[in-house]
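Try each task yourself before you read its solution.

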Amino acid sequence: ILARTFAIENIQKHFDEGFNLCDQVHCQVFKGTKIRNERITLATAKTEEIVIRDQTGALAFVPYHSNCGGYTESSENVWGGSKSHLKPVKDTFCLRQSKAVWEKKISRERWEKWLIRHHVDKLIGEDFQLNQTNRKKEIDLAGQTFATRKIRSDFGLSSSFFNIKATAKEIVFTGRGYGHIVTGK
């Protein structure tokens with residue numbers, strides 16, 4: 001139902017390019033399937049023509065993600081626009097699924113080039129640790145504020161819910177969830 005609602009709401013997304021939706025993250029990621037799940041086929045048939053509508057009757061904005069890491073996020077903290085049905089909730093189901101927790105290591109050299117490019121010279125050569133106990137929209141690095149989405153994007157992290165541990169040899173990002181992590185309540 002979510003996929004159908006999203007597809008109908010975004011059916012013109014690539015109109016100028018001669019098609020409707022693509023298989024990338026900004027539309028609906030699809031990497032193919034090797035097996036057919038009859039339960040999904042049956043559920044799709046039984047919910048034919050059912051979509052989700054908001055309070056005004058318009059098709060609802062219904063993004064979905066791979067894994068929330070145990071907590072979803074509100075739309076305003078990810079995209080800036082508030083949607084009453086996209087508020088944070090605790091989701092223990094995600095913790096038992098793949099991509100709930102992750103780790104990514106990068107070289108100290110790559111990290112320091114990024115710091116220099118962003119004028120955070122105070123952290124050059126420094127060992128430090130940054131921990132998010134709850135998901136934040138922004139974090140402080142040596143007195144400068146950075147959007148967690150930017151750091152996620154710059155280093156190819158799975159989500160913006162991450163911790164950083166800097167040692168002499170490498171930088172270790174550990175985090176939870178995969179994707180934007182916004183889901184309706």
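A salt bridge is a side-chain nitrogen of Lys or Arg within 4 Å of a carboxyl oxygen of Asp or Glu. Keep in mind that this is a predicted model.

**Exercise 1. Decide whether Asp 154 and Lys 150 form a salt bridge, and work out how they are placed in their helix.**

Step 1. Start with the distance: the closest N and O atoms of Asp 154 and Lys 150 are 2.8 Å apart. The cut-off is 4 Å, and the pair does form a salt bridge.

Step 2. Now look at the helix. Asp 154 and Lys 150 are separated by about one helical turn, because they lie four residues apart in helix H6 (residues 148-155). The general rule is that an α-helix has 3.6 residues a turn, so residues three or four places apart point the same way.

Step 3. Finish with accessibility. Asp 154 has a relative accessible area of 28%, so this residue is partly exposed. Lys 150, at 35%, is partly exposed too.

**Exercise 2. Describe the salt bridge between Glu 112 and Arg 108, and say whether these residues are buried or exposed.**

Step 1. The closest N and O atoms of Glu 112 and Arg 108 are 2.9 Å apart.

Step 2. Both residues belong to helix H5 (residues 108-117), and because they are four residues apart, about one helical turn separates them.

Step 3. Glu 112 is buried, and Arg 108 is buried as well.

**Exercise 3. Find the partner of Glu 103 at a distance of 3.8 Å, and state how accessible each of the two residues is.**

Step 1. The partner is Lys 105: its salt bridge with Glu 103 has closest N and O atoms 3.8 Å apart.

Step 2. Buried means under 20% relative accessible area and exposed means over 50%, with partly exposed in between. Lys 105 has 48%, so Lys 105 is partly exposed. Glu 103 has 51%, so Glu 103 is exposed.

**Exercise 4. Explain why Asn 10 counts as buried, and list what its side chain and its contacts reach.**

Step 1. Locate the residue: Asn 10 sits in the loop between H1 and H2.

Step 2. Its relative accessibility is 18%, and therefore Asn 10 counts as buried.

Step 3. The side chain of Asn 10 reaches the backbone oxygen of Phe 6 at 2.9 Å. Phe 6 is one of the buried residues of helix H1 (residues 2-9), along with Arg 4, Thr 5 and Ala 7. The buried residues of H1 pack against H2.

Step 4. Setting aside neighbours within four places in sequence, Asn 10 is in contact with Asn 20 and Leu 21.

Step 5. Compare another residue of this loop, His 14. At 8% relative accessibility, His 14 counts as buried. With neighbours within four places again left out, the contacts of His 14 include Phe 19, Cys 22 and Cys 27.

**Exercise 5. Which residues form a nonpolar patch on the surface, and where is Ile 50 found?**

Step 1. The patch consists of Ile 1, Leu 2, Ile 50, Ile 52 and Tyr 64, which together have about 380 Å² of accessible area.

Step 2. Ile 50 lies in the loop between helix H2 (38-46) and helix H3 (75-78). Because its relative accessibility is 39%, Ile 50 counts as partly exposed.

Terms used: Residues numbered from 1 in each chain as written. Predicted model: local features only at pLDDT ≥ 70, side-chain atom pairs only at ≥ 80, totals over all residues. Heavy atoms only, no water. Patch = residues over 30% accessible without salt bridge, like charges linked within 9 Å, V, L, I, M, F, W, Y side chains within 5 Å. Areas by Shrake-Rupley, 256 points an atom, 1.4 Å probe, with all protein chains shown as cover. Helix = DSSP H or I, 4+ residues; strand = E, 2+ residues; numbered from the N terminus. Buried < 20%, exposed > 50% of the residue type's maximum accessible area, 1.4 Å probe, protein only. Contact = heavy atoms within 4.5 Å. Polar contact = N/O pair within 3.5 Å; in protein donor to acceptor, adjacent residues only side chain to side chain.
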